[in-house]
Amino acid sequence: MSEQKRFTKRWAELRIQFDGDFIEHPNFPDAYRQSGYDLGPNSRAGVLLLEGCVSGKPEDLKLIASPRALVSDIKLPDGRSIPSGDKDTVIGAWQGEQLISLPTAPFEELWPIDSELAAAEFEVKGFSDM
């Protein structure tokens, strides 16, 4: 696959690293590392069992026996860091009986959102209002 079809393969140059990913795919993580992606030593493959299988139904995406997440510090561009979780954080969007929820995106403080722009509606050429 060409670089044009990817977000980027310049992970080293851009200092992008993922560690602790748990992916259900036979080529993960070895083939990805061989292709130049910087996956940390805690990246691993395994079978992820879901409670259901209905697309678009969040409660079906609860993991059965969710593995603990690898908690690390996320380094921000301004030099600060934020933790990726705590001792109770597990893999997946479901944390206990609730979907993960944040009051705002962690990066919004660094790159404030223009509320007028965010609220603007754009007309898509060829489509009328519904």
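A patch here gathers residues with over 30% relative accessible area and no salt bridge, joining like charges within 9 Å and nonpolar side chains (Val, Leu, Ile, Met, Phe, Trp, Tyr) within 5 Å. A salt bridge is a side-chain nitrogen of Lys or Arg within 4 Å of a carboxyl oxygen of Asp or Glu.

This is a predicted model, where local features need pLDDT of at least 70 and side-chain atom pairs count only at pLDDT 80 or more, while totals for chains, interfaces and linings use all residues. Residues are numbered from 1 along each chain as its sequence is written, and side-chain values use heavy atoms, without hydrogens and water.

**Exercise 1.** Find the nonpolar surface patch formed by Val47, Leu49 and Ile64.

*Solution.* Start with Leu49, in the loop between β2 (44–45) and β3 (73–75); strands are DSSP runs of E with at least two residues, helices runs of H or I with at least four, numbered from the N terminus.

**Exercise 2.** Is Arg15 buried or exposed?

*Solution.* Locate Arg15 in the loop between α1 (11–14) and β1 (22–23). Its relative accessibility is 77%, so Arg15 is exposed (over 50%; buried is under 20%, partly exposed in between, with a 1.4 Å probe and protein chains only). Finally, look at Asp38, 23 residues from Arg15 along the chain: their C-alpha atoms are 9.0 Å apart.

Definitions and conventions. Accessible areas come from the Shrake-Rupley method with a 1.4 Å probe; for residues, only the protein chains shown count as cover.
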